[in-house]
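User: I would like to learn how to read a few features of a model. Please take them one at a time.
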Amino acid sequence: MARRKRKCTTRTSPSYVPRVQSLEMQSMAMATFFPKPLQCKRSCNHAASASWWKAQRPSISWWRQRPHTVLLRCPQAQQHLAAEGSRDLVQVDDRLGQNPCNFQPSIWGDFFLSYSNPAASSEQLKCITERADKLKEEVEKMLASSVTSSLRKRLQLIDTLERLCLDHLFEEGINATLIEVNNANVNGCDLRTTALWFYLLRKHGYRVSPDVFVRFKDEEGCFLAKDPMDLLSLYNAANLGTHGETILDEAILFTRTRLETALLSLEGSLGQEIKSALEIPLPRRVRIYDSKYYIHTYEKNELKIITRWWKDLEIESRLPFARDRLVECYFWILGVYYEPCYSRARIILTMMIAIATIFDDMFDSYGTSEECELLTKCIERWDRKAAEDLPECMKFAFGKILDSYQIIDHELAQEEKYRMPYLKNFIIDLVRGYNSEVKMREDGYVPKSVEEHLQVSLRTGACHMLSCASFVGMGSIATKDAFDWVSSMPKMVKALCIILRLLDDLQTYERERLTPHVASTIESYMKEHSVSFEMACEKIKELKEETWKDFNGEWLNADNALPRQVLERIFNLTRTMEFIYNLDDNFSNCQNLKDIINSLFVEPFTITF
């Protein structure tokens, strides 16, 4: 008897999904995480992450929702929350009603506190779960038996799993396959297969030679590629190049020009993929934003948790000058780790990027130079008693940030608590950088060169602090060596910081000219080389591309002793910067992110199986 077709609801994003995927793989993507998160086959599946989800809820106390109150597990935080909640503002601060940067209000507000996705019936959930388990077994068999398949099919299978964000379920099989294909002879392969081989191996840290592309050039030095898919494959592969790899530089110039021309007459999924690649090359894209079948249920719970924490900060009423971007922060951090087992890490890093935003706006949009200096000293002392002379809103924010630090500390196991002093030092360093920029702004000082500018602005993009914070909630794979490494400003982290600073300046320059603001790297380049604004922007873009080569070189550096799962957080952070600052400052101008956030977290779509 034929089975009846069943329908269930889940969520989708509008972005491109790889065309090589099969209907079975699509079904697996749609079924895999809806009822329950499957275990990652990697070292992130550790006790800390497991306990975070024990009993179907995180252990942090915002989970215990109460009307108009939040119960904090930390006794000190409870005490100070009660003190703050019982005290009215002594005087009205006229500056609190100002919005000098014209930041838009939050789009989402309390939406995710009460949002409930339309649920499938228990029978449907059971059916989905059973189907997901069967499909997972089938894919594992496909990987194991792929040794008899063609090289292209093996590569396409890995590429499909990764683009669907399912690769963490098959890490052992994928790694075993990559070891084998690394030794493959690609001399007889076509351009598309060779490019995919090069792309996947470099993406996984194998420093394969770009000389494999020499045979695809003619006597005049042009590449033997006309088909749009061949051009696209070569373009994506070449964007994993490092310094001195001339043939990859030539490949980018050649393929980009021809893809731009081809795009004029292309429609459908291929046209959309080419358009996306020309905006942000595939190696720099955030996979979870591109995945059409992001169906985890855990993000609803995490959004509720951090929304309750954010409401306790009272941003809208007590700090109205600050950007209210909690949901956008979570969306941003989802690009750093999407795997179910990184729940604790996601929440902690979301908290830290939100806190960095508060500090940034407090120094940029609210505080006087004297107040910023005083706030910096308070944070250096890390003592609530030192804040008595601060304006009321600064005092309030400082207290809430100390509370948040204690909350994070209480969510770490005893053997993990050594991480918190690292995080505190990074917060202090970030605030010192903000204060230095306030002094530069007040003095009207424009650094004489981009290099001088970066001595301060490397840190004020907050990427150095976020790099450290991205390790705090991870499991045992993030060791003390990882925190010592990130504290030394290694080349990979420095490249991340530079990329963010240049992207930020390119997209925020026009807006920041409307209010008193610290000079940008664009102005420093104009001053250093006596060139026009337009020329300086082009040179800053070129510098960003050169910095990506630095980053790729460090990613492929065999001397990096840290595990790939740790280094991948830095790579993913860098990818998110390209997305957030693609064509605009999409974080500040949050309307630009509304549709993709809605499609990932809210919109249902119907699937049939």
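User: Which residue follows H6, and is its phi positive or negative?

Analyst: This is a predicted model. Cysteine 165 follows H6, and its phi is positive, near 60°.

User: What does the span of H6 look like against the expected value?

Analyst: H6 covers residues 151-163, which is 13 residues. From the first C-alpha to the last, H6 reaches 18 Å, close to the 18 Å expected at 1.5 Å a residue.

User: How many residues of H6 are buried?

Analyst: Buried means under 20% relative accessible area. Ten of the 13 residues of H6 are buried, so the helix is largely enclosed by the rest of the structure. Among them are Leu151, Leu155, Leu157 and Ile158, and also the charged Arg154, Asp159, Glu162 and Arg163.

User: Is serine 343 buried or exposed?

Analyst: Serine 343 counts as buried because its relative accessibility is 1%. Serine 343 lies in helix H16, residues 343-366. Its side chain makes a polar contact of 2.8 Å with the side chain of glutamate 302.

User: Now pockets. What is the volume of the largest pocket, and which residues lie nearest its centre?

Analyst: Rolling a probe the size of a water molecule over the atoms shows where empty space is left. Here the largest pocket has a volume of about 970 Å³. Its lining has 32 residues, with Arg256, Arg284, Lys541, Lys544 and Glu545 nearest the centre.

User: Which helix gives the most to that lining, and what classes of residue are in it?

Analyst: H25 gives the most, with nine residues. H9, H10, H11 and H23 are among the helices that each supply at least two. By class, the lining has 13 charged, twelve nonpolar and seven polar residues.

Definitions and conventions. Residues are numbered from 1 along each chain as its sequence is written. This is a predicted model: local features need pLDDT of at least 70, side-chain atom pairs count only at pLDDT 80 or more; totals for chains, interfaces and linings use all residues. Side-chain values use heavy atoms; hydrogens and water are left out. Helices (H or I, at least four residues) and strands (E, at least two) are DSSP runs, numbered from the N terminus. The expected span of a helix is 1.5 Å times one less than its number of residues. Buried means under 20% relative accessible area, exposed over 50%, partly exposed in between (1.4 Å probe, protein chains only). A polar contact is a pair of N or O atoms within 3.5 Å; within protein, one must be able to donate a hydrogen and the other to accept it, and residues adjacent in sequence count only if both atoms are side-chain atoms. On a 1 Å grid over the protein atoms alone, a cavity is a set of points where a 1.4 Å probe fits but cannot get out, and a pocket is an open set with protein on both sides within 12 Å along at least five of seven lines; lining residues have an atom within 4 Å of a point. Grid points are joined across faces, edges and corners, and a volume is the space filled by probe spheres set on the points.
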